[in-house]
Amino acid sequence: MANEAHPCPCDIGHKIEYGGMGCEVQVEHIKAYVTRSPVDAGKAVIVIQDIFGWQLPNTRYMADMIAGNGYTTIVPDFFVGQEPWHPSGDWSTFPEWLKTRNARKIDKEVDAVLKYLKQQCHVQKIGVVGFCWGGVAVHHLMMKYPEFRAGVSLYGIVRDSEDVHSLQNPTLFIFAENDSVIPLEQVSLLTQKLKEHCKVEYQIKTFSGQTHGFVHRKREDCSPEDKPYIDEARRNLLEWLTKYV
């Protein structure tokens, strides 16, 4: 799910086998997966899950990849104990399921995580990255929280608001050309509104031939044709964080 106005089925793709380099902690009322950077640079990145939840190995893999580049990373359970969507779930029940998991109603959890990062991890600079449902959340947060120095929204877009352009800090949007969840017309509309109104740095990048979830839910060895796009998108993500966080 990455489009609040018209939620659509979101295939889990390739669920990787991955144990993780971090550990699970309790942050006030929510659980979270935390990976410390090998180098303490006072920087952190909040990684926001897709509909398949904070324990999806693919998302933890991405968090660990980011941590290896100099950030403490944290993947909070933004569903706050509620069950994530199951790949074999009945999609006719998905809109009802989604009503209790609003990607734009996570401020209480974000505040708790920010407090934890500042007090327990002693970070001064914070970015945010989100996938699918989490991409919507990133778009929301980058319009509301100026303390996020940078955001990367991957195949997620806020559409239930006229204001999609009031970004507080630099934001990178990554989309897939063949995304059945986010039509290219929606990407074009976002591009137009940002071009007309946005006052900060932003970039919108659409990857040719790719599908929803390609950056974190495809294996690196999935196909020779896809691998360069996956690698480039992950590199773009890290470069954006390096530049602005």
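**Figure 1. Surroundings of Thr35 in the predicted model.** Setting aside neighbours within four places in sequence, Thr35 is in contact (heavy atoms within 4.5 Å) with Met21, Gly22, Asp64, Ala67, Tyr71, Thr72 and Thr73. With Asp64 there is also a polar contact between side chains, at 2.6 Å. A polar contact is a pair of N or O atoms within 3.5 Å; within protein, one must be able to donate a hydrogen and the other to accept it, and residues adjacent in sequence count only if both atoms are side-chain atoms. Thr35 belongs to strand S2, residues 30–35. Helices (H or I, at least four residues) and strands (E, at least two) are DSSP runs, numbered from the N terminus. Thr35 counts as buried because its relative accessibility is 3%. Buried means under 20% relative accessible area, exposed over 50%, and partly exposed in between, with a 1.4 Å probe and protein chains only.

Residues are numbered from 1 along each chain as its sequence is written. This is a predicted model, in which local features need pLDDT of at least 70, side-chain atom pairs count only at pLDDT 80 or more, and totals for chains, interfaces and linings use all residues; side-chain values use heavy atoms, with hydrogens and water left out.

**Figure 2. Asp107 and His140.** Asp107 is in helix H3, which covers residues 107–119. The side chains of Asp107 and His140 are joined by a polar contact of 3.0 Å. Not counting residues up to four places away in sequence, Asp107 touches His140, Leu141, Lys144 and Tyr145. Asp107 has 15% relative accessibility and therefore counts as buried.

**Figure 3. Val129 in strand S5.** Strand S5 spans residues 125–131 and includes Val129. The relative accessible area of Val129 is 0%, so this residue is buried. Leaving out residues up to four places away in sequence, Val129 touches Val45, Ile46, Val47, Ile48, Ile66, Val138, Val152, Leu154, Leu237 and Leu241. From Val129 to Asp163 the distance is 20 Å, C-alpha to C-alpha, and the two are 34 residues apart in sequence.

**Figure 4. The two sides of helix H5.** Helix H5 consists of 14 residues, 184–197. From first C-alpha to last it reaches 20 Å, close to the 20 Å expected at 1.5 Å a residue; the expected span is 1.5 Å times one less than the number of residues. Gln186, Val187, Leu190, Lys193 and Leu194 are the buried residues of H5. They lie on the same side of H5 because they cover an arc of only 130° around the axis. The arc is that of the directions from the helix axis to the C-beta atoms. These buried residues pack against helix H4 (133–142), strand S7 (171–176) and strand S8 (202–207). Glu185, Lys195 and Glu196, on the other side of H5, are exposed.

**Figure 5. The stretch of residues 3–9 and the whole chain.** The protein chain has an average pLDDT of 91, and 91% of the residues score at least 70; pLDDT is the predictor's confidence in each residue, from 0 to 100. Over residues 3–9 the pLDDT is below 50, although the stretch has 23 contacts in the model beyond near neighbours in sequence. Where pLDDT is low, the predicted coordinates should not be read in detail. The chain as a whole has six helices and eight strands. Buried residues account for 55% of its 245 residues.
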